[in-house]
Each structure stands twice: as C-alpha cells, then as structure tokens.
Amino acid sequence: MNAVGLVAFALVGAAKAIREEFDLFGIGVVGLSMAFAGGATRDVLVGRIPLVLRSPSEVALALVGVGVAIGLSAVLASPDDHPVTLVSDAIGLAAFATTGAIVATEAGVSAFGVVAIATINAVGGGAFADVLLDRAPFILFDDFYATCALLGGVTYWGATTAGTAAGTAVLVSAGVTVGTRLVAVARGWQLPTAQWLHRRGR
Amino acid sequence: MNAVGLVAFALVGAAKAIREEFDLFGIGVVGLSMAFAGGATRDVLVGRIPLVLRSPSEVALALVGVGVAIGLSAVLASPDDHPVTLVSDAIGLAAFATTGAIVATEAGVSAFGVVAIATINAVGGGAFADVLLDRAPFILFDDFYATCALLGGVTYWGATTAGTAAGTAVLVSAGVTVGTRLVAVARGWQLPTAQWLHRRGR
Amino acid sequence: MNAVGLVAFALVGAAKAIREEFDLFGIGVVGLSMAFAGGATRDVLVGRIPLVLRSPSEVALALVGVGVAIGLSAVLASPDDHPVTLVSDAIGLAAFATTGAIVATEAGVSAFGVVAIATINAVGGGAFADVLLDRAPFILFDDFYATCALLGGVTYWGATTAGTAAGTAVLVSAGVTVGTRLVAVARGWQLPTAQWLHRRGR
C-alpha cells in the first residue's frame, strides 16, 4: 500500500508542476515533496531523522511516479484526475495516515498528537506542494480529502486505546480512510463553510 | 496569559480562514496553526517534541477560539479587529514571546538565538497561517507587531544576562511586549521601508 | 567561502524584500532567511540545534549583507543582479552545498540523503524567502541554479564513496558547483520543461 501511495503521490505532484511549466528540477522537487514532505514532517516532529533520507527504495518509487507523470503528460492533459490515479491516491492516503498514527503512538504523544500526525503524514506533502506552486493548499477549502485521513487517525487511536491488536487497528484505520475517500469522490462530498452554516441557520 | 493568547490567536486565524471561505477543516487548521505553529517551530528548533502534541488542554483552548470565530462570523464581519481581540492578541504575543525566550535560554543558544526564538514563537504561527492563505506574511510589511515580540525577547535576554531573577525577567519582558504593542495600535505605528528611508535622506 | 556566501545570500534576499516595499523588520527577516533557512533546515533534518542559533559571527555577516542591500538600494535598482553579487552568490552556493554534503555524510544518511541535504542547504533559504514573498520558488522553474548545488552534492558523495580524502572532496565538489553555475550564467542555460521535451519528441 505504501508503495502504491508513493508512486501515486509523486505522480500527482509532478503533474501539477508540469501544468505550471516548471522545469525538470522543479517537477522532481514538487513530485518528491508531495510524496515525502508529510512523512519527513512527521519524523521531525517526533525527533527522528526522516526515513526518506535513509531509505533508497522509497526514493526510487517516487521517481517512478515522477517519470510516469512526465511520460503521460504528452498524451493526457490531467493524469492526476484519471480514475486509476484517484484510487491509487486514496490507497496512499490510507497508508500514510496509518503509518503516521503508528509512529505517533510509538512516540507517546496525546490523542490529538496521534490524529494530527496521521493527518500531517497523509496530507502534509500535498499542502507543501501547493505552497511551492504558490497556491493555498487545496485541502483547506476544497473536497473531502484531509478529513478521510483525520478519520483514519481517530479510528487508529480509538482502536488501540480500546485494546485492539495492532494489526487489526491498522486494517480498520486504513479501511476507514480508503472507504470514506472513495465514497466522497463518488458522491462529490464537500465540507461546509462557515457561510453555508450561517445561511442554513437562518 | 498563555490561555488568553491561545484563544485569541486561534480566533484570529480562524476568522481569516472564514473570510477566505475555507471549509470547516481549513478553518480549524488555520486557527490551530496560528495558535501552535510558532511554539511547534520553537520546540523543533531546540530538539523537543512539540508541546501541543503532548498537552490536551492547550488544544481545547484553541478549539474554543475556533468555535468563537465561527459563531461570531454570523454577526460580526471582522471579529479579529474587535478591541477585545486586539488586547487579547497583545497579551498572547507577550505570553508567547516570553515563553520562547525562556525555552531558548534553557536550550543554551546565543543571544541572537534567544531573540529569534522568542520572535518565532510569538509571530511564527501568524506567518504560517498567512502562507496557508496564500499571502505574504503581514508581519513583514505591515504594522508594528513582530517588533514588539522582538523587543520582549531582547528585554528577557538583557534582564537574565544582567542577573535579574527569572520571575522578574518574565514580568518585565511581557510588560515591554504588551506595552509597545498597545501603544503601536493606539498610535498607528509603522516601521519604515527602505524607500521611505531614502526619501528622508534626500 | 562561507562568509562570502552569507553576505551575498543575505544581500540578495534583502534586495528582493526591498523591491516588495517590506518594512525594515521584513527586510531583515527575508535577508536572514535567505542566508540561514537552508542550513537551519539541514540541522533540523539531522537532529541538531541550528548552527545559526549558536554562532553569533554568522549572524553578524548576514546583517552586513542586509545593510549593504539597504544602502545600495538608494543607488542601484537591482543590486542582486550586479556581477559582483552573481559571483559571490555562486561562491555561497558552493560553500553551502558542500557544507550540507559534509553534515549529511557525518549523519550517516543514504546517497539520496547526501544530495538532498546538500541541495536544501544551498537553495532552501532562497526557496523559503520566495514563499515569504508570496511567489513560487524561482529555483523550480527558472534558471540553472539548484542543479549546480545538486551536482556538487553528487560530486561530494561520489568522491567520498570512491575513497577520496575529505579535503580533496570538498575542493572538487565546490569547484563543480561554482564552475557549472558561472558557465550557466554566462551561457544562459535553462533546464527543459516537460512541454519542451514533448515538442522535441515529435
């Protein structure tokens, strides 16, 4: 699951950079940032040297995603909107959120810390990539995306706190993230804004 | 003081996100970032796991600020410009600058390090929130705001270096920050730009 | 070399902030960020307290660069495009890339980690300054700049892996960075975009 996520995340980031006509260095940086900035932030927050700086195989997978994005950009306008990409991205979201929840739990942080690190691990790379592209991170105003990772983090925390075996907690947490994400894509879910809430309240 | 600051900072950040029509997740992230990103950066710089990931009560206070911002946004266009908010924000600025100076001093950094970490602790959250909102941080070109935190940091360093008791240094440092900030708001102080300096020099 | 780089980087960052009419605090923050954010990120990634918070002499050098930028802005529209600045900046790029490669090698990271940290050390400050100025980092789409630091990091890694003495590896790595950068400026080198590659492929 982690491998699928690395390829998908790097592909989505690189495709965004290609549309902005960044050069090859920029395409590589945005693709790798999308794949690794969330996990690197997680590791820095819990006081570890980021895994990406120690694990060569992870980098190779992300570079595959960047290469695929460059190749596909010749034939597809938006390879990051393709159904295969959307499903792979949902799998990556679940893998990254669950990994974040595991690392945070091992580091002994609070319940908020587990959920925050799970969410940052899953969506921090995309938010960082958007900042590099000089945009507000899309996760803050659009789509039902980061909320799926947050729900996965809450599930993991709830399951482990309730004494569930670690393997089961991972499966349930990843399932909640992938499931809510795929339903959200299919049904076009959006979170409300404050303006919408106030209109409804009248 | 710290509690007042957490509520005020989260309220100001959330109010900015509401004006940009971010969704509820985005409003929460910008509000919590405004309250915690400065302190988390401070902790990462001195090699500690951020306090916000370990202390549930701090998160609860910031969520109160986010909730107040959402509620007030139905009746007030800019709850972040209300006099109560401005005074609470000045108190938070002082509390955060002083906390940063204390943590930096304990970590054994240089005089520059103490002043830099005090300033980052106080205004880093607001700068990070502005980046999430896709703006240049307002502290870099507008208002007399970050300078108050910087002066508080210099005061704390000066007082402790001169052998002042820790409790007194905290009071004096916080007093300098709140005092300069409230005078700056009342009088509309601005720092000069280079262009202004050159015009004056002619 | 490091001293030349600190002055040049701070000057370039401050000159950009002056053009945006930031106030004196903003000019100082962008100048110091350009000089130090890359090295601070390097130190945080390998788990050290940033050197800039412990070494007063480095801060003094960067403040000289900020002061020169403010002074020159009265007589020169773009002191950051002056040939003296371009050469000093190339020297700084080489010094910072090589320092990053040394620190990363000591921290025991992978080959990718050495190259990534060398590049972040050299160009992270400029990228961070561009984000503060609310732009996409210029290194991602313009010029042949970050690639020189990346080549310097690859050279250092290759030389030390091949058993070259540390002093020689430093010289060769710095030489590759400065050399490629000066040739790139002289010849106007650019990295291709994906769009350019696809047009060529037809």
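## Packing of α2 and α5 in chain B

In this predicted model, α2(B) and α5(B) cross in a right-handed manner; a crossing is right-handed if the near helix is turned clockwise from the far one by less than a right angle, and left-handed if anticlockwise. Helix α2 of chain B spans residues 24–45 and helix α5 of chain B spans residues 111–132; their axes lie 7 Å apart at an angle of about 140°. Helices are DSSP runs (H or I, at least four residues), as strands are (E, at least two), numbered from the N terminus. Axes are lines fitted to C-alpha atoms, for helices over the stretch in contact, with angles from 0 to 180 degrees between N-to-C directions. The pair α2(B) and α5(B) is therefore oblique, given that angles under 35 degrees count as roughly parallel, over 145 as roughly antiparallel, 65 to 115 as roughly perpendicular and the rest as oblique.

On the α2(B) side, the contact involves V29(B), V30(B), S33(B), M34(B), A37(B), G38(B), G39(B), T41(B), R42(B) and L45(B). These meet residues of α5(B) including I117(B), N121(B), G124(B), G125(B), G126(B) and F128(B), where contact means heavy atoms within 4.5 Å. By class, this contact of α2(B) with α5(B) has ten nonpolar, eight polar and one charged residues. Ala, Val, Leu, Ile, Met, Phe, Trp, Tyr, Cys and Pro count as nonpolar, Asp, Glu, Lys and Arg as charged, and the others, Gly among them, as polar.

Residues are numbered from 1 along each chain as its sequence is written, while chains are lettered from A and ligands numbered from 1 in the order in which they are written. Local features need pLDDT of at least 70, side-chain atom pairs count only at pLDDT 80 or more, totals for chains, interfaces and linings use all residues, and side-chain values use heavy atoms, with hydrogens and water left out.

## Packing of α2 and α3 in chain B

Helix α3 of chain B (residues 56–72) packs with α2(B) at an angle of about 130°, the axes being 9 Å apart. The two helices α2(B) and α3(B) are therefore oblique to each other, and their crossing is right-handed.

From α2(B), the residues L24(B), I27(B), G28(B), G31(B), L32(B), A35(B) and F36(B) meet E58(B), V59(B), A62(B), L63(B), V66(B) and I70(B) of α3(B). The contact of α2(B) with α3(B) divides into ten nonpolar, two polar and one charged residues.

## Packing of α2 and α5 in chain A

In chain A, the axes of α2 (residues 24–45) and α5 (residues 111–132) come within 7 Å and cross at roughly 140°. Helices α2(A) and α5(A) are therefore oblique to each other, with a right-handed crossing. Among the residues in contact are V29(A), S33(A), G38(A) and R42(A) from α2(A), and I120(A), G125(A) and A129(A) from α5(A). The contact of α2(A) with α5(A) comprises ten nonpolar, eight polar and one charged residues.

## Cavities

The structure contains two cavities of 30 Å³ or more. On a 1 Å grid over the protein atoms alone, a cavity is a set of points where a 1.4 Å probe fits but cannot get out, and a pocket is an open set with protein on both sides within 12 Å along at least five of seven lines; lining residues have an atom within 4 Å of a point. Grid points are joined across faces, edges and corners, and a volume is the space filled by probe spheres set on the points.

The largest cavity has a volume of about 50 Å³. Its lining consists of V131, D134 and R135 from chains A, B and C, with three nonpolar, no polar and six charged residues. The second largest cavity holds about 30 Å³ and is lined by I139(B), D142(B), D143(B), Y145(B), A146(B), T147(B), L191(B), D23(C) and F25(C). By class, the lining of the second largest cavity has five nonpolar, one polar and three charged residues.

## Second largest pocket

Of its 19 lining residues, V12(A), K16(A), D81(A), F138(A) and D143(A) are the closest to its centre. The lining of this pocket has eight nonpolar, one polar and ten charged residues.
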